[in-house]
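Welcome! Open your viewer, keep the selection tool at hand, and follow along stop by stop.

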Amino acid sequence: MALSKDSLKQKIIDNLKAKGFVTEGEHAAAGDMADAIAAAVVDEITENAQVSVTGGSSEGSYKVT
């Protein structure tokens, strides 16, 4: 499964709403915050994450994309 900023943002918003945060409206900043967090998390994973395969014909370290 590919990482998706939009999917992660929606999951963050859903969790914030479940905790009582206001995520929509003129003065609501939680939606913008969710967008920023989702973008940062996906960027960090796609830029720096590595997967180590320790056995078999695919043994090695691979970048997460």
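**A tour of two helices**

Start by selecting helix 1 and helix 2 (30–48) together: helix 2 is part of what covers the buried residues of helix 1. Here buried means under 20% relative accessible area, exposed over 50%, and partly exposed in between, with a 1.4 Å probe and protein chains only. Helices (H or I, at least four residues) and strands (E, at least two) are DSSP runs, numbered from the N terminus.

A word on what you are viewing: this is a predicted model, in which local features need pLDDT of at least 70 and side-chain atom pairs count only at pLDDT 80 or more, while totals for chains, interfaces and linings use all residues. Residues are numbered from 1 along each chain as its sequence is written, and side-chain values use heavy atoms, with hydrogens and water left out.

**Stop one: helix 1**

Now select residues 5–18, the 14 residues of helix 1. Which residues of helix 1 are buried? Colour Ile12, Ile13 and Leu16 to see them. They cover an arc of only 100° around the axis, which puts them on the same side of helix 1; the arc is that of the directions from the helix axis to the C-beta atoms. Turn to the face away from this buried side, and you will find the exposed residues Asn15 and Ala18.

Next, zoom in on the start of helix 1, where a side-chain oxygen of Ser4 comes to within 3.4 Å of the backbone nitrogen of Asp6. Then go just past the end of helix 1 to Gly20, whose phi is positive, at about 95°.

**Stop two: helix 2**

Select helix 2, with its 19 residues. Its buried residues are Ala30, Gly31, Ala34, Ala38 and Val42. They cover an arc of only 100° around the axis, so they lie on the same side of helix 2. These buried residues pack against helix 1. On the face turned away from them, pick out the exposed residues Asp32 and Glu47.

**Last stop: the whole chain**

Zoom out to show everything. The protein has two helices and two strands, and from the N terminus on they run α-α-β-β. Its C-alpha atoms fill a box of roughly 55 × 20 × 15 Å along the principal axes. How many of the 65 residues, in percent, count as buried? The share is 17%.

Methods:
Expected span 1.5 Å × (residues − 1). Contact = heavy atoms within 4.5 Å. Polar contact = N/O pair within 3.5 Å; in protein donor to acceptor, adjacent residues only side chain to side chain.
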